[in-house]
Amino acid sequence: MTIQKSAFGTTPDGVETSLYTLQNRHGLRVKITNYGAIVTSILTPDVQGKPGDVVLGFERLADYIPNGPYLGAVVGRYGNRIAHGRFTLDGQEYRLATNNGPNHLHGGNEGFNTKVWQAEELPEENALKLSYRSPDGEEGYPGNLEVTVVYALTDDNGLEIDYTATTDKATPVNLTNHSYFNLSAGKADSIRDHVIQLNATRYVPVDDSSIPTGELADVAGTVMDLRQPQRIGQNLDQVPGGYDHTYVLGQQPGQMARAAEVYEPLSGRVLEVFTTQPGVQFYTGNFLDGSLTGKHGHTYTKHYGFCLETQHFPDSPNQPNFPSTILRPGQTYRQRTIYRFSTRAPQHEA
Ligand code: BGC
């Protein structure tokens, strides 16, 4: 399929950016900019075949600078939090920006979400390859890190995201995509009535500043249990602050897990999330506060969208019992996540 390219705007530093449109034969159309590797739009059919845009975002580059909530972006070098912006690796302490209370969040003051990536169109694979070289010492991280993110559309309406990275010094790496979904495509301004099912028996409990306690807790018998389909709103108000937690997927390293499924009853849309990552951060847009108005004139109020950010666990560089996030020279970091869209006819109530 051909990929369309158009101008997306110029950064304050004078760098031109582009917007790439990928589409398949089954009604999936995805727009991606090489600024921040941001997915700006995902058009998918509803149960009647009518297309609608299911992600939060903006029409213009200027609106993404800054992008406080990280709408649609790839976050890195380390997605999620590192306690006090500090970690020790091979006997050396590193200090990172503390841009989220006392902690480091999503790569620091100028994370990968603010970088202009090199873009390469791969029309035969219906894909866009984005590359970024993060220099040694950027935001305090060690090593030159070569990162690529390939976004590809599959025939079964999947948006497949392949991440790879290599380094010349040992460094933590935790890459994710921070898309916010509202599968109603404008019919509902809250995700409370979306129905979620998350395949995780454990989650990562956190302290007041969202840093893991180190424990992996059983969801059974708690409001964190999303194993059976339930309205996101069912227990949302019982979770202090709203859902903003990493769930443990429990698959073998490198294997694909079917992490989650979300169904939206007004449109009949279904989103399934598959990933090789060990965790998924379920975040219910708790910090959206109505100060941003996005595409189609929609105002992003609290719980307007949800994220399912596939990733390693927060603060892993300081948590010896969590799967390691350290990439060493000679190794290749590889992760794959697929967001797959489909529809389901409404179930008639008896
Ligand atoms: C974090 C939230 C944060 C949001 C936007 C999510 O990944 O878990 O705590 O507010 O990103 O920055």
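**Figure 1. Salt bridges in the predicted model.** By the rule used here, the count comes to 18 salt bridges. The structure you are looking at is a predicted model, and the next views pick out a few of these pairs.

**Figure 2. D156 and R340 meet in a salt bridge.** Start with these two side chains, whose N to O distance is 3.7 Å. The pair links distant parts of the chain: D156 belongs to the loop between β13 (145–153) and β14 (158–167), while R340 is in strand β27 (residues 333–343). D156 counts as partly exposed because its relative accessibility is 41%. R340 also falls in the partly exposed class, with a relative accessibility of 23%.

**Figure 3. R336 forms a salt bridge with E160.** Here is another pair to find, with the closest N and O atoms 3.4 Å apart. Once again distant parts of the chain are linked, since R336 is in strand β27 and E160 in strand β14, 176 residues apart. Is E160 buried or exposed? E160 is buried, because its relative accessible area of 14% is under the 20% cut-off. R336, at 33% relative accessibility, counts as partly exposed.

**Figure 4. R340 and E272 meet in a salt bridge.** We return to R340, this time with E272 as its partner at 3.0 Å, N to O. R340 lies in strand β27 and E272 in strand β23 (residues 269–275), so this pair ties together parts that are 68 residues apart in sequence. E272 is buried, with a relative accessible area of 8%.

**Figure 5. The ligand sits in the largest pocket.** Now let us move to the ligand and the residues around it. These are P69, Y70, R81, L105, H106, H178, Y180, D244, Q281, Y283, F287 and E309.

**Figure 6. Polar side-chain atoms of R81, D244 and Q281 lie by oxygen atoms of the ligand.** For R81, the distance from a polar side-chain atom to a ligand oxygen atom is 2.6 Å. For D244, a polar side-chain atom lies 2.5 Å from an oxygen atom of the ligand. For Q281, the corresponding distance is 3.1 Å. How much of the ligand's surface does the protein bury? Taken alone, the ligand exposes 310 Å², and the protein buries 94% of that.

Technical notes: Residues numbered from 1 in each chain as written. Predicted model: local features only at pLDDT ≥ 70, side-chain atom pairs only at ≥ 80, totals over all residues. Heavy atoms only, no water. Salt bridge = Lys/Arg side-chain N within 4 Å of Asp/Glu carboxyl O. Helix = DSSP H or I, 4+ residues; strand = E, 2+ residues; numbered from the N terminus. Buried < 20%, exposed > 50% of the residue type's maximum accessible area, 1.4 Å probe, protein only. Near = heavy atom within 4 Å. Polar contact = N/O pair within 3.5 Å; in protein donor to acceptor, adjacent residues only side chain to side chain. Areas by Shrake-Rupley, 256 points an atom, 1.4 Å probe, with all protein chains shown as cover. 1 Å grid on protein atoms, 1.4 Å probe; cavity = no way out; pocket = protein on both sides within 12 Å on 5 of 7 lines; lining within 4 Å. Sits in = over half its atoms within 2 Å of the grid points.
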